[in-house]
Amino acid sequence: MKVDDKLQILKFFSTVVNCVFLILGLCIFGCGVWILFDKSNFVTVLSSVEVKTVAVGLFVIGLVVVGVTILGCIGAQLENRCFLLLYMGFLICIVLGQLFVTFVLLLKWNKIETTMVNTVDDTIRDYGSNPVHQTYWKPLDDVQRYGKCCGRTGPNDWQTNLLIKNSSLSEVFPCSCFNTTACPFISSFGTQLFGNGNETYFYPQGCQEKITSWLQANILTIVGMDVGLILIQILQFVLSVYLYQTVEVSDFMYFALSESVSWTTVMTQQGTATFPELIRKKRDGEQLSGLEIRHFVQGVKNKTIQEGQIGAMLMAIWQNGMLAEETLALTNEMLMSGEVMAWPSQWEGLVVDKHSTGGVGDKISLVLAPALAACGCKVPMISGRGLAHTGGTLDKLESIPGLNICQPVEQLHRILEEVGCCIVGQTENLVPADKVMYALRDATSTVNSLPLITGSIMSKKGAESLSALVLDVKFGKAALYKDLSSARELAQSLVTVGNSLGIRTGAVLSHMNCPIGRCVGNSLEVIESLECLKGRAPDDILELVESLGGLLLLMTGRASDLTEGKKAIADTLQNGTALEKFRNMIIGQGVTNQMASLLCSAQADYHSVLRRAPYQTNLETESPGTVLDIDGMVIAVVLQHLGAGRSKVGQAINHSVGAELLVSLGQKVEKGQPWLRVHYETLALTAEQRDRLRGAITLGSADQLHTHPLVAEVIMS
């Protein structure tokens, strides 16, 4: 569900519950006013400390509820976290006050009942004579008249009345005791409150039972409203917590901007800034506030900012960079621009993913995802397509007939539940702002901007709601970053932002000069991945898979150290459990059972399933020597032109085009020995393509060979 949709739903239910909350609050307030100020009701007669405490409590609680309801509505509608925090704090205070009032009523019931008995007896005694208790006479008359009763325990109670005791008349009772419409007044009493008549004219039973029942009913009504209000408050507190977590506002001192805003200004501490003003600030090297960055991202998402303005802002960021807090704010706003995934609570700590900055022959995800699933992790790997010389994991997978990389959320959950891993594409609702910015970054030559790369990668990973993330940041001739220093800077930025988002994040810095493994090209890389899953992985692939997977197992607590984590990953490749996870994953994503079983069989005929290019050509070495270097960039560029890659987004590719390395670094070769097999669709390679490929291999003497571990560094914080 989109964050904006979730916000609107939460705000709607919060408003509805607040309305019920307000109605009950007014009822509680009314009860307090009624008890305190209405002298005609019998509860007022019970002037005990407990009753007055309850009345004051109800009055104050009702008044506070009205104010708090208004505060809650403002906080919800304006998406203001400060107001929501105050609102939740007041809710807790109100609940405590209500519990106090309820306990007073329930625990002091016997004392209240005793007070009622004494007050009724005193009222009967002074009725008609002592003006001090005159306000109690009418409530007592009402009880006797409408309750059809007389006295507290019976008519004889009236013999204690001072006027009746001092008179010489018998069978004298208040007019409210008579069951006739006309009271037989006694003129000698000087008041029309009393009448004279025998037992056939007055009510024979006392009022205590009815007064007690009446009092209990009123108190139970108050307690019932109190309990109802507490339940409403608990519901409202839960809604407010969810609303607080969902609200996107990062600055408590400002109200959030409405989604429907079509104008292009945002209030800042300095005044009002337009989109051109924001662009000018960043162009001149000034820092953007969190709210200004939010306004920019919302403008991108809602299309209230022109493409030219977006491009200008991207260029300003590329030129002047961003501070760490700006990069974090940009990432967070991009993350929150769309749907954020949610997983079952029992998966807590298990949801992991890996991201690579791109290279040549990088098929690590195809091996790593099922290996992690075999270790008990949940891997919702959201991958991308290839662009320029870098290959895309989705393109590789789509070499397999029937495999669908577009899965609905329900199916995604099912595959993860049953298999533990899936590799899918980015949905329309996931980080929509990044889609716009990513396309324009390519058009404006701002692809290599550190904060923009960080925001793009980490916003998508953050939207996956991961527990842990490992990053394979590559450097070298065939990588985005050519040297270790710049790659380290990117890795540090990614790790810092990831950890700030609450994702345990680590990065591996790996060399990207030679192709990874022996195959380059979509279907060929799928074949090599399957061979790895069958325990026949080249050393470089195995090193990367073990390092990345071991680091993730360490971060999730499923391994005590990196060595144990690496061994666990390696074991899944040797014992076939990772291969079985891969088989079940591709079946879950649309591949037939028969085809999946054929690909995963021990001696599979891969090209009976995967398309093979109609032409293959072997390139031979031009001299003897030791293989010192194989330039992956050169090979990738030639293959891209042959159809294996794309030069623009959306361009079709040929999955069967690729190349196989027939030699490895450090290997001694003879003149005329085949070193590269090219798979292609055209009738023949051009002379230029052959020349470029011949220049990709470097031969020399063995003492010129410089070897190094594939993994150069690991960054954890």
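## The three-stranded sheet

In this predicted model, Gly625 stands opposite Val669, a residue of strand β14. That pairing belongs to an open sheet of 3 strands in the order β14-β12-β16, with antiparallel pairing. The edge strands are β14 (668-669) and β16 (697-700), each of which pairs on one side only. Between β12 and β14 there are 2 bridges, and the pairing is antiparallel.

On the side of β16, strand β12 (residues 625-630) takes part in 4 bridges, again in the antiparallel sense. Val627 has Leu699 of β16 opposite it, and Ile630 stands opposite Ile697 of β16. Strand β12 is largely enclosed by the rest of the structure, because 6 of its 6 residues are buried. In general, the strands of a sheet pair through backbone hydrogen bonds, in either a parallel or an antiparallel manner.

## Aromatic pairs

The count of aromatic pairs comes to 5. For Tyr615 and Tyr680, the ring centres are 5.9 Å apart and the planes stand at 25 degrees; the pair is therefore stacked, since planes under 30 degrees apart count as such. Tyr615 lies in strand β11 (residues 615-620) and Tyr680 in strand β15 (residues 674-680), so the pair ties together parts that are 65 residues apart in sequence. The two residues can also be described by their accessibility. Tyr615 counts as partly exposed, at 31% relative accessibility, whereas Tyr680 counts as buried, at 4%.

Elsewhere in the chain, Tyr127, Trp137, Trp158 and Phe194 are linked by ring pairs into a cluster.

## Crossing of helices α11 and α16

Helix α11 (residues 307-320) and helix α16 (residues 432-443) have axes that come within 10 Å and cross at roughly 70 degrees. The two helices, α11 and α16, are therefore roughly perpendicular to each other. On the α11 side, the contact is made by Glu307, Ile310 and Leu314. On the α16 side, Val436, Met437, Leu440 and Arg441 make the contact.

Two packed helices are in general described by the angle between their axes and the distance between the axes.

## Two individual residues

Val120 is found in helix α5 (residues 109-126). With a relative accessibility of 2%, Val120 counts as buried. Val120 and Arg152 are separated by 32 residues in sequence, and their C-alpha atoms are 6.9 Å apart in space.

Gly376 occupies the loop between α13 (364-374) and β6 (379-383). Its relative accessible area is 27%, and Gly376 is partly exposed. Residues up to four places away in sequence aside, Gly376 touches Leu350 and Arg558. Gly376 and Leu553 are 177 residues apart in sequence and, from C-alpha to C-alpha, 9.5 Å apart in space.

## The chain as a whole

The chain has 25 helices and 17 strands. It comprises 717 residues, of which 54% count as buried.

Among contacts in the chain between residues at least 6 apart in sequence, 76% join residues that are at least 24 apart.

How values were computed: Residues are numbered from 1 along each chain as its sequence is written. This is a predicted model: local features need pLDDT of at least 70, side-chain atom pairs count only at pLDDT 80 or more; totals for chains, interfaces and linings use all residues. Side-chain values use heavy atoms; hydrogens and water are left out. Rings of Phe, Tyr and Trp (its six-membered ring) pair if their centres lie within 6.5 Å; planes under 30 degrees apart count as stacked, over 60 as edge-to-face and the rest as tilted. Buried means under 20% relative accessible area, exposed over 50%, partly exposed in between (1.4 Å probe, protein chains only). Contact means heavy atoms within 4.5 Å. Axes are lines fitted to C-alpha atoms, for helices over the stretch in contact, and angles run from 0 to 180 degrees between N-to-C directions. Angles under 35 degrees count as roughly parallel, over 145 as roughly antiparallel, 65 to 115 as roughly perpendicular and the rest as oblique. Two strands pair if DSSP finds at least two bridges between them.
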